[in-house]
Amino acid sequence: MNGDASPIVRLMRALLIPVLALIMALLLGAVIMLVFGDDPVKAYRGLLYGAFGSGRGWATTVRKMAPFILTGLSVATAFKAGLFNIGAAGQFLMGTIFSVFVGINFQGLPVFIHLPLALLAGLLGGMLWGAIPGLLKVTTGAHEVITTIMLNYVASLFAGWTVYAGGSQGQTPGPLWDPTAGPISETPDVLPSAQLPWIFGPPYRVHWGIVLVLAVVVLIWWLLYRTTIGFEIRTVGQNLKASKYAGIRVNWTIVLTMILAGGLAGLAGGIETLGVNHKFAPEFSGSVGFDGITIALLGQTHPFGVVLAALLFGALDAGGAKMQFDSGVAADIIQVIQALILAFVAAPAIVRSIFRLKRTPEQVKPTVSTSWSGPG
Amino acid sequence: MADQPIPALEVRNITKRFPGVIANQDVNLKLYPGEILGLLGENGAGKTTLMNIIYGLYHPTEGEILVRGQPVVMHSPKDAIALGIGMVHQHFQLVPVMTVAENVMLGSEAVRNGFLDVGAVAQRIHELSSRYNLDVDPYALVEDLPVGVRQRVEIVKTLYRQAEILILDEPTAVLTPQEIQGLFQIMNLLKEQGKSIIFITHKLKEVLQVADRIAVLRQGKVVGEADPRTATQASLAAMMVGREVILTVDKKPAQPGPVILEIQGLTARNDLGEPALREVSLTVRAGEILGVAGVQGNGQTELVEVLTGLRPALGGRITVQGKDMTNASPRQVTEEGPSCHVPEDRHAYGMVGSYSVAHNLVLNTYYRPPFAQGITVNEPAIVEHASRLVKEYDVRTPSVLTPASSLSGGNQQKMVVAREFSRPVKLLIAAQPTRGIDVGSIEFIHNQIVAKRDEDVAVLLVSYELDEIMALSDRIAVMYKGQIIDVLPREEATREKLGLLMAGVHPDEAASSA
């Protein structure tokens with residue numbers, strides 16, 4: 001309901017900038033490869049083949065997509081309320097820890113209780129970590145960008161502490177540390193009753209989490225665009241003063257949105273742990289939380305756009321190894337391309353000036369964070 | 001007047017049109033060296049537009065500007081500064097974290113050997129400061145300075161750029177009475193040293209005190225000049241607000257019913273934490289329109305915000321139909337009043353520009369059936385509701401799914417009015433309901449307001465347009481400095497009386513001061 005242009009025209013408009021940003025990032029990536037004497041055609045062919053050229057390639061792409069979708073959705077949902085959630089990384093970690101805790105305990109529970117409980121724990125961990133910046137914003141005016149970044153550090157250090165292996169001087173190990181792992185800092189495997197079952201088992205390793213994630217996408221879309229709660233969230237994001245005028249409880253909406261955003265990132269952590277890693281070790285945390293920002297922007301902060309953007313990121317991750325093997329280009333170029341995509345989608349003015357595009361009314365205001373100050 | 005010197009500044013037949021609005025029409029003004037010209041006019045009379053033309057911010061649609069007898073064309077304030085025109089804006093253009101000297105040199109930095117030469121600038125500020133008695137310390141941080149001193153920094157800035165013509169846009173609006181007297185002394189000193197000053201204000205007393213000549217602007221036109229030695233506050237007020245009735249609305253005499261809205265001793269603060277409402281008491285009855293007149297910034301905005309739950313009341317009591325609604329939430333006001341509110345600033349409060357007309361039409365009722373069932377939004381019901389209202393209230397839009405931001409101002413306002421007026425209410429609070437919209441829409445909205453009154457709704461109308469207040473109101477309250485200084489029946493409220501009250505002067509007092 002954002003305009004009276006036909007749905008196809010609106011879709012084309014929405015896709016324009018992300019697609020152009022992707023093309024520019026790939027071209028610039030190619031230039032970088034050429035400068036270093038690599039063959040970009042070979043590299044990109046390897047990338048494409050690695051991601052989509054085989055059943056295993058597809059399986060990897062889809063598996064990697066799942067957490068990207070949820071962290072992207074987390075950031076996108078916060079954007080809808082005008083909030084910039086940089087904290088998906090920390091929320092993801094808290095979700096992971098909560099899920100692992102439930103997953104490695106409660107021996108003997110049946111899978112239909114243990115698994116949902118472990119997933120809910122992940123959701124809850126993220127919600128908690130999202131609620132804090134939301135509450136701080138409405139009570140003290142502390143900006144969520146600052147608080148979520150700080151909470152990322154707290155979450156990272158907390159997660160590290162839970163699996164701390166102890167030291168040679170007999171320091172106390174962390175509560176989730178696996179004593180059988182010796183000096184390695186990691187948790188035990190989650191119990192089989194808390195693991196997400198495979199849709200396609202090894203070597204494909206596609207778990208049912210992806211189906212759950214897609215269901216969550218539809219749920220969030222419904223919530224944002226078909227419910228009064230979504231109307232409130234979007235109104236707060238579009239016009240804070242009009243929201244107050246309309247009788248919307250702005251502070252509550254901000255807290256709720258942050259809880260929701262945190263929950264989505266936390267669920268990503270839970271699904272990744274219960275579906276793929278089956279345990280937590282600090283090196284698993286990765287950059288999936290921060291990639292959520294790029295994915296949300298690339299997906300134009302729309303739930304379905306986020307799925308497409310996550311597919312791209314999943315493919316880039318999945319195809320990287322094959323690319324390196326085929327062309328000798330270091331897989332690190334993938335991160336360069338991802339960063340370039342972010343630069344171009346975050347600065348659409350660059351893309352517009354290069355391609356000489358005119359602004360359309362709907363493109364004038366991308367839904368990003370509205371202000372630097374707390375709610376008035 | 002053959003021996004008159006060449007004017008320092010002259011504007012000839014200046015007309016400025018904006019889409020749908022004529023801001024200035026055939027304006028002619030002369031400013032002579034060493035004089036203070038008072039430019040008097042209500043809000044929206046076109047004073048600021050005219051000054052922005054003189055300062056090179058706008059191009060006139062027609063007419064020409066002469067500086068020291070030479071016709072000039074200005075493309076930006078840079079050209080104006082080069083011609084010796086300096087402007088002190090109503091909102092200061094200073095960087096708080098920089099020193100006075102740094103602020104003064106911004107844009108025309110003194111450089112020696114590739115480095116900023118702050119010392120030379122400070123030296124020059126000292127000279128200017130002592131010559132014009134400005135008392136400005138070049139090394140003070142602007143953020144540490146009180147408002148009055150910041151204003152003097154702005155004056156120093158223009159003098160540093162060798163301005164001969166100074167435009168002061170509502171300079172007294174932010175000052176205390178003592179600071180105002182200080183400013184007047186500085187203005188006189190500047191005048192004695194040959195500078196020419198345009199002093200823009202809507203305050204009658206001040207312009208009489210300091211100006212050598214007074215030009216009155218109304219609805220974009222110079223309606224007359226006055227000599228401060230012979231003019232009185234009453235005569236100026238009459239010129240400022242005009243005699244002829246511009247807008248007339250057909251309405252029957254009011255049939256006031258029981259009291260709907262009762263305000264007793266209401267106090268509140270503005271966004272800066274200063275007292276904005278001082279013990280305001282008012283009553284509005286069913287079937288009458290109470291107009292609140294006054295110059296903008298005298299507490300009207302805060303009054304409406306407190307009544308509609310957008311601003312906390314610090315003291316006093318608000319009752320609607322006998323129910324205590326002091327510090328009720330906006331939704332309580334809407335639901336329990338039941339009341340509706342046409343907000344003063346439709347872009348900030350009244351609508352969400354990126355939302356469709358249909359969604360804007362349910363902006364504060366989206367949660368009620370039939371627009372929502374439980375938490376599910378019922379789009380077909382919203383669209384149907386919108387299609388009906390768009391017809392009924394003559395909102396011209398390609399479709400109800402068009403974003404509200406692409407509608408014209410008049411149609412946006414009709415959309416807001418449609419949303420608010422289509423609910424059954426007992427109390428209507430309308431703030432500036434026709435601000436910045438076309439005449440056709442004004443007429444339509446005025447008739448709608450009268451129709452509401454005739455349905456026994458209590459109407460509180462706040463407007464800075466005296467014509468609007470006079471055309472619609474059954475009783476008129478005048479607000480000045482956060483207080484209701486008088487409430488007059490419509491029959492007794494003449495423009496002259498209201499104009500004086502708006503300036504904070506009681507009519508008897510004005511007669512004696514002449």
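This is a predicted model: local features need pLDDT of at least 70, side-chain atom pairs count only at pLDDT 80 or more; totals for chains, interfaces and linings use all residues.
Helix H4 of chain B covers residues 118–131, which makes 14 residues.

**One face of H4(B)**
- Five residues of H4(B) are buried: Val121(B), Ala122(B), Ile125(B), Leu128(B) and Ser129(B).
- Seen down the helix axis, the buried residues of H4(B) fall within an arc of 125 degrees, so they line one face.
- An α-helix has 3.6 residues a turn, so residues three or four places apart point the same way.
- The cover over the buried residues of H4(B) includes helix H3 (100–105) and helix H5 (147–160) of chain B.
- After H4(B) comes Asn133(B), with a positive phi near 60 degrees.

**Domains of chain B**
- Chain B is divided into domain 1 (9–240), domain 2 (241–338 + 424–514) and domain 3 (348–423).
- Between the C-alpha centres of domain 1 and domain 2 of chain B lie 33 Å.

**Cavities**
- Rolling a probe the size of a water molecule over the atoms shows where empty space is left.
- The whole structure holds five cavities of 30 Å³ or more.
- The largest cavity has a volume of about 90 Å³.
- Which parts of chain B each supply at least two residues of its lining? They include helix H10 (330–336) and strand S18 (339–342).
- Residues that line the largest cavity include Pro330(B), Val333(B), Thr334(B), Ser339(B), Cys340(B) and His341(B).
- Tyr245(A) is also among the lining residues.

Key. Residues are numbered from 1 along each chain as its sequence is written. Chains are lettered from A and ligands numbered from 1 in the order in which they are written. Side-chain values use heavy atoms; hydrogens and water are left out. Helices (H or I, at least four residues) and strands (E, at least two) are DSSP runs, numbered from the N terminus. The expected span of a helix is 1.5 Å times one less than its number of residues. Buried means under 20% relative accessible area, exposed over 50%, partly exposed in between (1.4 Å probe, protein chains only). The arc is that of the directions from the helix axis to the C-beta atoms. Contact means heavy atoms within 4.5 Å. Domain bounds come from an automatic or database domain assignment. On a 1 Å grid over the protein atoms alone, a cavity is a set of points where a 1.4 Å probe fits but cannot get out, and a pocket is an open set with protein on both sides within 12 Å along at least five of seven lines; lining residues have an atom within 4 Å of a point. Grid points are joined across faces, edges and corners, and a volume is the space filled by probe spheres set on the points.
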